[in-house]
Amino acid sequence: MTRKFDTDQLVRTENFIGGRWVPASSGARFAVVDPADGACIAEIADSAAADARAATDAAAAALPAWRETLPKERAAILRRWHALIVEHEAQLAALISREQGKPLAEGRGEVAYGAAYVAWFAEEATRIDGDLLAQQQRGKRMSAVKEPIGVVAAITPWNFPLAMIARKIAPALAAGCTVVGKPAEDTPLTASALVLLAHEAGVPAGVLNLITASRDRGIEAVADWLHDSRVRKITFTGSTAVGKYLARESAGTLKKVSLELGGNAPFIVFDDADLEAAVTGLMASKFRNGGQTCVSPNRVYVQAGTYERFADLLAQRVAALKVGPASQPDAQIGPMINARAVDKIARHVDDAVTRGARVLTGGKRLPGLGPNFFAPTVLAQANAGMLLCAEETFGPVAPLFRFEDEQEVIDAANATPYGLASYFYTNDIKRIERVSRALEAGIVGINEGAISSEAAPFGGIKESGYGREGSKYGLDDYLSIKYLCQGNLA
Ligand code: NAP
């Protein structure tokens with residue numbers, strides 16, 4: 001019989017190591033704050049290298065037994081975990097909204113999205129098949145079997161505090177790996193709540209371990225994992241700069257690495273597109289989570305023949321968005337995560353205006369609501385010389401670039417080191433074929449702004465990283481292939 005928790009009961013303030021909630025070994029704590037008003041939500045364990053080491057000790061000790069469990073036994077635990085997440089949808093959504101700031105409806109959406117990965121990998125656990133290879137010599141049999149890679153370290157960002165860690169833990173456990181995890185400084189509480197529910201669902205002690213840390217101590221803690229040869233895999237979602245650092249540092253012990261990194265998504269609207277559908281698609285993909293998503297369109301390219309109409313329609317829709325704290329029931333855009341994030345958005349908008357952009361709506365901070373609020377913004381006359389063209393703004397800002405022809409916009413869309421998501425709208429079937437092949441991105445939305453699904457392979461190319469999360473390919477990152485060669489059979 002599992003317990004039901006209310007939101008406050010889901011809040012944990014310690015690390016979870018070896019099946020127990022324990023304080024940081026130094027006793028240090030840091031404050032988790034509500035981004036809407038800066039109020040302290042909880043003071044929690046501030047871990048460093050010794051805590052990371054203790055988590056690895058527990059995960060390494062639990063590995064031999066866990067990797068020997070039957071796939072259907074692991075699937076049953078994951079299904080129970082999924083059921084508990086769904087049962088606590090409202091409580092988890094409240095926690096997400098409180099520490100991350102997104103409106104409650106989006107918090108609920110995130111719970112459903114993250115839970116879907118747990119359900120998906122519960123099923124995938126039972127399909128880790130190998131191959132009997134075609135016979136090459138009489139009396140000799142060759143086969144390929146898949147094995148869990150070992151202890152996995154999962155490091156996650158603040159923008160989707162539940163979904164990002166769920167879609168790492170679920171495939172790792174399904175594959176038979178054990179896990180050590182560290183969520184972002186800004187949003188550790190949701191991750192701890194998820195781990196609490198996993199424990200309730202029957203994940204054995206030591207199989208799943210989580211430490212929380214402030215930024216500086218967190219770097220020290222993760223460094224311990226990077227250099228520990230018992231940790232065989234790093235799975236990371238976050239910025240490209242940190243992803244490169246993790247890949248470099250983990251090379252000393254040649255770990256397998258999956259990196260879901262930053263993007264600079266183009267969103268292209270051709271003259272022959274369904275304009276209403278394009279605006280609706282952009283609203284969904286650009287303004288979800290206040291623009292703080294890795295697949296958020298960062299550069300909106302509109303063909304000259306529709307540019308003015310598109311800009312008018314979009315500006316009207318954006319001006320009508322309701323901004324407010326998650327506690328406001330009709331809020332559609334919450335606060336940005338912290339002061340650094342708002343400063344970056346303001347810097348991008350100021351730079352664009354200085355270089356000739358025209359503000360159609362928004363364009364400013366909203367101090368009356370709180371220090372971290374920024375008005376949803378549409379900028380016309382954007383150009384390639386602006387900061388917001390080169391860097392991910394990670395906020396509710398849609399800059400509109402005008403283009404004339406297809407090749408010009410493909411060249412512009414690809415003129416970035418990143419390659420995560422891309423989107424285009426057209427009703428020309430031949431253009432769909434050409435453009436979807438030409439775009440340098442791991443994900444292409446064609447007449448569609450909502451591209452995320454547990455059934456699809458999520459991930460990037462170029463400096464947006466490598467590895468795929470979700471789908472039938474998602475388990476591969478947590479498995480290694482062993483070749484068995486059996487002779488003397490004839
Ligand atoms: P970030 O600064 O790279 O942080 C991500 C995680 O890494 C956090 O847990 C962070 O801890 C930790 N971290 C930071 N510096 C570290 C270091 N030197 N060593 C070890 N760990 C370190 O990224 P963010 O600002 O939180 O997230 C936004 C970025 O994530 C954006 O670029 C976005 O596009 C990307 N993202 C990508 C995807 C995807 O699937 N491709 C999904 C979501 C977000 P602290 O929080 O304590 O600093």
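Biologist: Which residue forms a salt bridge with Asp228?

Modeller: Arg230 does, with the closest N and O atoms 2.8 Å apart. A salt bridge here is a side-chain nitrogen of Lys or Arg within 4 Å of a carboxyl oxygen of Asp or Glu. This is a predicted model, where local features need pLDDT of at least 70, side-chain atom pairs count only at pLDDT 80 or more, and totals for chains, interfaces and linings use all residues. Residues are numbered from 1 along each chain as its sequence is written, and side-chain values use heavy atoms, with hydrogens and water left out.

Biologist: Is Asp228 buried or exposed?

Modeller: Asp228 is buried, at 10% relative accessible area. Arg230 is partly exposed, at 33%. Buried means under 20% relative accessible area, exposed over 50%, and partly exposed in between (1.4 Å probe, protein chains only).

Biologist: How many salt bridges are there in the whole structure?

Modeller: The search finds 24. One of them joins the side chains of Glu14 and Arg29, at 2.8 Å, N to O. Glu14 lies in the loop between α1 (7-10) and β1 (15-17) and Arg29 in strand β3 (residues 29-33), so the pair ties together parts 15 residues apart in sequence. Helices (H or I, at least four residues) and strands (E, at least two) are DSSP runs, numbered from the N terminus.

Biologist: What about Asp343, which residue is its partner?

Modeller: Arg365, with the closest N and O atoms 3.0 Å apart. Asp343 sits in helix α12 (residues 339-354) and Arg365 in the loop between β14 (358-361) and β15 (377-380), 22 residues apart. Asp343 is partly exposed at 39%, and Arg365 is partly exposed at 36%.

Biologist: New topic, helix α7. How many of its residues are buried?

Modeller: 12 of its 13 residues. Among them are Pro188, Leu194 and Glu200.

Biologist: And how far apart are its end C-alpha atoms?

Modeller: They are 19 Å apart, which agrees with the 18 Å that residues 188-200 should span. The expected span is 1.5 Å times one less than the number of residues. Just after α7, Gly202 takes a positive phi of about 110 degrees.

Biologist: Now sheets. What is the strand order in the open sheet of 3 strands?

Modeller: β5-β6-β22, with antiparallel pairing. The edge strands are β5 (131-132) and β22 (479-486), each pairing on one side only. Two strands pair if DSSP finds at least two bridges between them.

Biologist: How many bridges link β6 and β22?

Modeller: 8, with β6 covering residues 141-148. Ala144 has Tyr483 in β22 as its bridge partner.
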